[in-house]
Amino acid sequence: MKKMLIAALCTAVLFGCAHYMPQAELPPDVRNIAVPVFGNNTDKYGLEQYLTSKTIDEFLTDGKVGIAEIYKADAVVKGTITKFVSTPILFDSNQVPQQYRMRIYLDLSFFNNKEQRELYRMEDIWEETTYYVVNNLGMPAETEETARIRVLDSLASKIVRRVIYGRTN
């Protein structure tokens, strides 16, 4: 009897978690947001356009808020890419880099247009990846651009999770 009760409880917990949806952390009056083009304080051209576009796509995919022009929006998400770091981390016997770690940093703010106040500001949000520049250890070679897109995609997802659900993981 005791085993059946434990099994039933475990099953209920597992199936209950399978349908969990995180609750929105947005103020209730925020139904649409604006995402102006992010700033870019790095020497890497085009990061801001890609990140802005991908962030808008992520908001639309999530579906909790609509996208509006800045003067019609209930809230505004602003960001500035502050650092782009690509560091070699694995070398061959001739000291030629084989693998790199790329990290992109962003400052983010969320502004309530209706109340004309900043809801929060976060500095140095980052995402990173590692990539091989040569086919090594069974891992295919990648370009810096491919790795950069992967990091920016992850950063856009992190922005949406923070704005909608109040978390970055």
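Q: To start, how many helices and strands does the protein have?
A: The protein has 3 helices and 6 strands, where helices (H or I, at least four residues) and strands (E, at least two) are DSSP runs numbered from the N terminus. Along the sequence they follow the pattern α-β-β-α-β-β-β-β-α. This is a predicted model, in which local features need pLDDT of at least 70 and side-chain atom pairs count only at pLDDT 80 or more, while totals for chains, interfaces and linings use all residues. Residues are numbered from 1 along each chain as its sequence is written, and side-chain values use heavy atoms, with hydrogens and water left out.

Q: What percentage of the residues is buried?
A: Of the 169 residues in the protein, 34% are buried, where buried means under 20% relative accessible area, exposed means over 50%, and partly exposed is in between (1.4 Å probe, protein chains only).

Q: And which residues touch the most other members of the largest nonpolar core?
A: That core has 32 residues, and Ile-33, Leu-51, Phe-59, Val-77, Phe-110, Ile-159 and Val-163 touch the most other members; a nonpolar core here is a set of buried Ala, Val, Leu, Ile, Met, Phe, Trp, Tyr and Cys residues joined through side-chain atoms within 4.5 Å. Two or more residues each come from H2, strand E4 (75–91), strand E5 (97–112), strand E6 (117–132) and H3, and H3 gives the largest share, 10 residues.

Q: What does Ile-159 touch, then?
A: Not counting residues up to four places away in sequence, Ile-159 touches Phe-38, Leu-51, Thr-55, Val-77, Leu-106 and Leu-108, with contact meaning heavy atoms within 4.5 Å.

Q: How do H2 and H3 cross?
A: The axes of helix H2 (residues 47–62) and helix H3 (residues 144–165) come within 9 Å and cross at roughly 45°, the axes being lines fitted to C-alpha atoms, for helices over the stretch in contact, with angles running from 0 to 180 degrees between N-to-C directions. H2 is therefore oblique to H3, since angles under 35 degrees count as roughly parallel, over 145 as roughly antiparallel, 65 to 115 as roughly perpendicular and the rest as oblique.

Q: Which residues make that contact?
A: Among them are Leu-51, Thr-55 and Phe-59 of H2, together with Arg-148, Leu-152 and Ile-159 of H3.

Q: Is Arg-148 buried or exposed?
A: Arg-148, which is found in helix H3, counts as buried because its relative accessibility is 18%. Leaving aside neighbours within four places in sequence, Arg-148 is in contact with Lys-44, Leu-47, Phe-84, Met-102 and Ile-104.

Q: Changing topic, where is Ala-75, and what is it in contact with?
A: Ala-75 is found in strand E4 and counts as buried, at 0% relative accessibility. Beyond its neighbours within four places in sequence, its contacts include Val-30, Ile-33, Phe-110 and Asn-113. The C-alpha atoms of Ala-75 and Asn-113 are separated by 4.9 Å, although these residues are 38 residues apart along the chain.

Q: What about the backbone: what is phi of Gln-116?
A: Phi of Gln-116 is near 55°, a positive value in a residue other than glycine. Most residues other than glycine have a negative phi. Gln-116 lies in the loop between E5 and E6 and is exposed, with a relative accessible area of 56%.

Q: And where does Asp-124 lie?
A: Asp-124 lies in strand E6, has a positive phi near 55°, and is partly exposed, with a relative accessible area of 39%.
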